[in-house]
Amino acid sequence: DDELVEALTRHGAWRALVPLCVARPPLSAGAIRCLRVGMGRTQAAIDAGAELGLPLWLLGCREPSDASEDFNANVATTLLAQAARDDACQLLGYVANQAVVHESAELYDPHDVLHAAVGLLSGSPSDDAACGGGRALLHLLRYQRSARLPALSARDVHDVLVPLFLRKSGEAKEALMRPLRVAMADTAWMEAAWPYFESRGSAAKVQQVVHEMNGLEEMKAIATTGKAPDAMRPNAAPLADSLEAQHRVENLQPAKVAAFLAADLPPGGAVLDVGAGTGLFTFPLAAALPASQIVALEVRSDAIRAMRARARREGAANVTVMRMGEGAAPSLPGGAKASLVLLCDVLELVPEHAREGLVGSLRALLAPGGKLAVICARAESDSLLIDVQDAGFLQRRVAQVVTHRRLMLFEADPAAPPPPPPPSPPPELPEDDVDYAEALPEAAGGDPTAAGGSRTRDGAEESGRTREGKADGEAEDDEDGSGCILEENPDG
């Protein structure tokens, strides 16, 4: 192989070899393999293939001409063989970051381009082919991402990429994870794709993919930095960047929800916001109920500091921020009881074995006739409903005022055994002080624009910043592939 590559390079024969890739098989298959081998050894082969349009030919994109139908038929026939598809995937992986390829691809329907790229990964591709095909698909999605990503077919992801990801391991699995991460990290794409996944009965399988991707990212972060990534603070960003991201505010509509819940509450009663984060609902509730005491509970020091700083900044005298333990909500100041307890995107973060205990502890904090409101992703609402009912609550009908979430309302079940008394509040930590000078956590190395983390408060895969391909030169590369995925969010 080395002698052949050296001879072809010395004689400038790579450009002459490219047209043979659209000849009839088996000549075409041999030419594709030869170019694939050459691209792994010399830039001259990569340049020849990219400049003469070979990647687009392999994707079925060719300008109409007298011979184009014959060429397309030759390529289609060649790619019926698994070995030829494997070579094509690896070849596309070598040229994936060449801007000329993406500029040419813009002339064609992005759905057709992406469908053809995914199609090359069908069947039983080798690990090398999965690596090359995954890399090619990643760059196709990232270059002019806002235009191309919506064209990625949910069927292609479901029928090809998901099973292949679950079947592969090692580097091949990681390469396939990257384009899947781009798609599943995009809220709009997931909203559009989720009905198809549900219609195929594959919601659990998609969630398994997300779980495995999160595990890969966490292992990589631990190997790189010695600790797991902070899902709430990707790349050491401020906590509010994820918990109060624009898409999350638009989806949850905290002011609207606060006004709706406040309308039925008695004046002056206490309201408990459990797992309040940075106060996305705490402060709208405080504004809607100025005569009530709003108690925000959190386990994170950075969240406690953020809420206390905001309360000081906004003069929110009716907001009290408290630390809580992991397993149960503590007693409220002065032994107060709450007219309303709110959990938004919290129970999804609690291990299944601990949910019933946490929710059960909330019954001890409810005033007579008090309500428990739970906001969660619709995909997880059925399982969470069972957990809440098992903890001694009865569900009540409630209007659905959050478009992309499910709002569930509960009252304490009078027939349930009495809850244990609430524990005392845990001691404050020095890090809880609003003036504490935090040492920023290390960001797990890698993609600074990835949304990051293994699970977020929206219980969903957040989209991160849009990244377009470069206008000239090479498209952006992602060889370290170290950005983290956020958990899936089929309902926004």
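## Helix axes and the model

Axes here are lines fitted to C-alpha atoms, for helices over the stretch in contact, and angles run from 0 to 180 degrees between N-to-C directions. Two packed helices are described by the angle between their axes and the distance between the axes. The structure is a predicted model.

## Helix α7

Helix α7 covers residues 82-95.

Most of α7 is covered, with 11 of its 14 residues buried. The buried residues are A84, R85, D86, D87, A88, C89, Q90, L91, L92, G93 and V95.

## α7 against α10

Helix α10 is formed by residues 127-142. The axes of α7 and α10 are 7 Å apart, and the two helices pack at an angle of about 45°. Because of this angle, α7 counts as oblique to α10. Their crossing is left-handed.

On the α7 side, the contact is made by D86, C89, Q90, L92, G93 and Y94. These meet D128, A129, G132, G133, R135 and A136 in α10. By class, the residues of this contact are 5 nonpolar, 4 polar and 3 charged.

## α9 against α10

Helix α9, residues 110-119, also packs against α10. The axes of α9 and α10 come within 10 Å and cross at roughly 165°. An angle over 145 degrees counts as roughly antiparallel, so α9 is roughly antiparallel to α10. The crossing of α9 and α10 is left-handed.

Four residues of α9 take part, namely V113, L114, A117 and V118. Their partners in α10 are L137, L140 and L141. The contact of α9 with α10 has 7 nonpolar residues, no polar and no charged ones.

An α-helix has 3.6 residues a turn, so residues three or four places apart point the same way.

## D387 in α22

Helix α22 runs over residues 378-390 and contains D387. D387 has a relative accessible area of 18%. Buried means under 20%, so D387 is buried.

Apart from neighbours within four places in sequence, D387 is in contact with R355 and E356.

Terms used: Residues are numbered from 1 along each chain as its sequence is written. This is a predicted model: local features need pLDDT of at least 70, side-chain atom pairs count only at pLDDT 80 or more; totals for chains, interfaces and linings use all residues. Side-chain values use heavy atoms; hydrogens and water are left out. The expected span of a helix is 1.5 Å times one less than its number of residues. Buried means under 20% relative accessible area, exposed over 50%, partly exposed in between (1.4 Å probe, protein chains only). Angles under 35 degrees count as roughly parallel, over 145 as roughly antiparallel, 65 to 115 as roughly perpendicular and the rest as oblique. A crossing is left-handed if the near helix is turned anticlockwise from the far one by less than a right angle, and right-handed if clockwise. Contact means heavy atoms within 4.5 Å. Ala, Val, Leu, Ile, Met, Phe, Trp, Tyr, Cys and Pro count as nonpolar, Asp, Glu, Lys and Arg as charged, and the others, Gly among them, as polar.
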